[in-house]
Amino acid sequence: MKANTILNRILAELASVREVKFATMNLENGAVLEAEAFEAGNEVFVVSGEDRVPAPVGEHKLEDGRILIVLEEGMIAEIKEAEAPVEVEVEMQSEEAVAVAEEVASEAVSEVTEEVAAVIEVAVAEAIAPLVEEIQSEMKKMKDEMGKYKQELAAAKKEFSSQAAAKPIKHNPSKEQAHKVEFNRPMKAIDRVLARLNN
C-alpha cells in the first residue's frame, strides 16, 4: 500500500469518530464541572483553565442548590435535590417563667461564688503559710547578723578614734635639670653612624 492510501484510511476513521459535547455546571464556590451529562454513572471533571481533573470524592453543592455526590473519584453516584430548610416553631415563655429562671440563676451564681471564695482562701493559706515562716526566719537571721556588724563597727570606730592621726605628708618638689642641646659640639661615633645611615 502506498502512504497516501494509508493516510486517507486513517483520516476516514478519525472523521467517523463522533465528537463528544460536554455539559458544564458551576459549584457554589465557583468551580466549573464538566460531564457528558449530569446523571448517575457518568464521569465528571473539575475544569481549571485547560486542565481537566476528575472530581474528588464527596458531596458538592451546585449553584442551583442541588447536591452532586461522588463516591468514586470522577464518577457521579447521584444528584440530590436541595433540601428545604426545616422551620422550628418556638413558643414564647411567660414573664413568670423568665423571672423564676433569673432568680434560680442568680442564687446558683451566689452559692458557687461563696464556695469558690472559700476554697481559694484555704488554698492560699496553705500555700503561703510556709513561705511566710521561711521569710520571717531569714529576716531574724539577717537582724542578728546586722547587730553583730554594728557592734564590730562601733568597736572599730572607738579603737581608731583613740589613736593619734598620722603625720601629714609634705610636698617636696625636686629641682628639675634642664636638658641642654649643643649644636656646635664635636661629632661622636654614634653621630657619624647615624649621619651615614641618613644620607
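## Arginine 66 and its surroundings

A polar contact is a pair of N or O atoms within 3.5 Å; within protein, one must be able to donate a hydrogen and the other to accept it. In this predicted model, the side chain of arginine 66 makes such a contact with the side chain of aspartate 64, at 2.9 Å.

Arginine 66 sits in the loop between strand 5 and strand 6. Is arginine 66 buried or exposed? Its relative accessible area is 19%. The cut-off for buried is under 20%, so arginine 66 counts as buried.

Which residues does arginine 66 touch, beyond its neighbours within four places in sequence? They are Met25, His60, Lys61, Ile79, Lys80, Glu81 and Ala82. Lysine 80 lies 14 residues from arginine 66 in sequence. In space, their C-alpha atoms are 5.7 Å apart.

Strand 6 covers residues 67–70.

In general, strands of a sheet pair through backbone hydrogen bonds, either parallel or antiparallel.

Strand 3 (residues 44–48) pairs with strand 4 (residues 51–54). The sense is antiparallel, over 4 bridges. Phenylalanine 45 faces proline 54 of strand 4 across the pair.

The hairpin has 2 residues between the strands. Which residue of this hairpin takes a positive phi? Glycine 49 does, with a value near 70°.

## Helix 2

Helix 2 runs over residues 95–162, with 68 residues. How far does helix 2 reach from its first C-alpha to its last? The span is 95 Å, close to the 100 Å expected at 1.5 Å a residue.

Helix 2 also bends. The angle is about 30°, at isoleucine 128. A proline, proline 130, follows within four residues.

Conventions
Residues are numbered from 1 along each chain as its sequence is written. This is a predicted model: local features need pLDDT of at least 70, side-chain atom pairs count only at pLDDT 80 or more; totals for chains, interfaces and linings use all residues. Side-chain values use heavy atoms; hydrogens and water are left out. The expected span of a helix is 1.5 Å times one less than its number of residues. The bend at a residue is the angle between axes fitted to the seven residues ending there and the seven starting there. Two strands pair if DSSP finds at least two bridges between them. Buried means under 20% relative accessible area, exposed over 50%, partly exposed in between (1.4 Å probe, protein chains only). Contact means heavy atoms within 4.5 Å.
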